[in-house]
Amino acid sequence: MNTEPSFVHATDATHDPARRSWVASANDPDTDFPIQNLPYARLRRKAAKGEAPEPWRVGVAIGDQVLDLRIALEVAPWEPETARHLDALAQGELATFMAAGRPAWRAVRAALCEALTEGSLHGPFLESALVPMAELEYTLPCSIGDYTDFYASIHHAAAVGRLFRPDNPLLPNYQWVPIGYHGRSSSIVVSGQGLRRPLGQIKPPDAAPPVLQASRRVDFELELGALVGPGNALGERIGIDDAEAHLFGLVLFNDWSARDIQPWEYQPLGPFLSKNWGSTVSPWVVTMEALAPFRVPFTRPADHPQPLSYLDSPAHRASGALSIRLETWLQTARMRQQGSAGERLMGSNTAEAAYWTLSQLIAHHTVNGCNLRTGDLLGTGTLSGPGPGQGGSMLELSQGGKVPVGLSNGETRTFLEDGDTVILRGRCTAEGRRPIGFGECRGTVMPADL
């Protein structure tokens with residue numbers, strides 16, 4: 001294992017803000033996918049009616065185009081080591097590449113960056129490997145094995161706690177231990193798919209027995225998801241300074257919730273049917289290497305408990321956190337009929353929202369010897385900011401359903417209605433750096449299957 005702390009990603013030539021691509025749309029200052037980003041997704045061309053679908057393959061986003069790595073491998077000359085890694089990606093096996101580790105990730109990033117740079121000798125070869133994003137469909141980035149959801153935002157934890165425990169909103173363990181629970185990976189779907197309103201037991205306050213009914217309090221949760229690259233052996237701990245060597249990249253993540261099912265069932269073991277009916281991930285995986293320019297120090301207020309030694313180090317203090325601006329948008333069915341793309345509900349930044357960093361989540365997850373595996377997903381939990389209107393869920397924005405959220409077209413919401421589409425967006429900016437983004441994570445609430 002490298003002795004250099006794994007989260008200290010030194011920026012290199014691939015991050016140069018002056019670098020331009022021969023793909024014109026990648027030079028648009030508003031694009032999420034400039035040449036400094038180069039995220040991965042599993043995709044294929046949309047099949048015409050009556051045609052058999054193509055096999056899945058991995059592509060790299062560049063502007064409003066995608067470099068199809070199956071075609072790119074065939075039409076352009078590559079160094080043997082690069083070609084070996086591209087071959088797995090061409091077969092649609094992002095997980096194989098994820099397991100290869102940071103040296104491979106950096107080498108392929110550098111090769112793709114050079115190939116897509118303005119004036120590159122690869123340009124004439126690779127033009128035929130470009131596909132407009134609008135012509136593609138996506139699937140999950142990889143097969144997701146285990147899924148753990150954390151509770152990393154102290155502002156979310158405190159806001160939710162005030163709704164149910166006004167005199168004791170933050171439980172005493174929160175500032176000491178990263179709280180998490182093991183979720184259900186089988187119901188994680190890719191952006192664009194609808195999810196049915198769930199059924200479950202609900203205990204009305206004025207009724208003795210619970211009832212089985214469709215949830216009336218469907219909610220979104222604004223999160224990031226971290227995908228594990230190389231795993232660890234059972235019984236092997238991952239130290240704080242090695243943690244991010246096990247992280248391939250991040251996706252936007254909406255961990256949908258049924259707030260009226262949750263209170264009745266979570267005692268004493270935690271969420272079950274209120275959470276396992278669906279979670280949505282964005283198709284594009286933004287790599288940890290692409291995020292290097294957006295590192296910020298990890299800080300903990302002086303009057304708060306400082307992390308235990310296994311969750312702390314000088315290098316982690318220096319640059320263990322990330323600054324990512326997050327937003328949630330809502331498009332109601334009426335907005336869609338009126339041709340509106342929706343409106344912004346809230347925004348937050350991970351630098352303020354996350355009390356625990358990704359490195360701390362991994363170090364804690366494995367301190368007991370738990371083994372992570374390639375493709376495992378770690379959810380951050382709802383990333384709510386500290387200010388008014390920065391709640392990362394309807395539960396917070398509507399104060400538990402007591403204060404309806406007004407929309408510009410006259411509609412109101414306390415929780416989500418059938419036909420509502422929730423859109424998550426993320427973007428990184430820093431002085432003197434080229435902004436990069438995550439694309440969209442989009443999901444629509446469908447009627448319950450009664």
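The dialogue below goes through a sheet, a helix and a single residue.

Guide: This is a predicted model, in which local features need pLDDT of at least 70 and side-chain atom pairs count only at pLDDT 80 or more, while totals for chains, interfaces and linings use all residues. Residues are numbered from 1 along each chain as its sequence is written, and side-chain values use heavy atoms, with hydrogens and water left out.

Visitor: In what order do the strands of the open sheet of five strands lie?

Guide: Strands of a sheet pair through backbone hydrogen bonds, either parallel or antiparallel. Here the order is β9-β26-β25-β20-β21, with mixed pairing; strands are DSSP runs of E, at least two residues long, numbered from the N terminus, and two of them pair if DSSP finds at least two bridges between them. The edge strands, β9 (194-196) and β21 (343-349), each pair on one side only.

Visitor: How many bridges join β20 to β25?

Guide: Seven bridges join β20 (residues 325-331) to β25 (residues 421-428), and the two run antiparallel; Thr328 stands opposite Leu424 in β25.

Visitor: Is helix α11 mostly covered or mostly open?

Guide: Buried means under 20% relative accessible area, with a 1.4 Å probe and protein chains only. In α11 (residues 358-366; a helix is a DSSP run of H or I, at least four residues), nine of nine residues are buried, so the helix is mostly covered; among them are Leu358, His364 and His365.

Visitor: Which side chain does that of Asp32 join in a polar contact?

Guide: A polar contact is a pair of N or O atoms within 3.5 Å; within protein, one must be able to donate a hydrogen and the other to accept it, and residues adjacent in sequence count only if both atoms are side-chain atoms. The side chain of Asp32, a residue in the segment before β1 (40-45), joins that of Arg427 at 2.8 Å and reaches the backbone nitrogen of Gly439 at 3.0 Å.

Methods. Buried means under 20% relative accessible area, exposed over 50%, partly exposed in between (1.4 Å probe, protein chains only).
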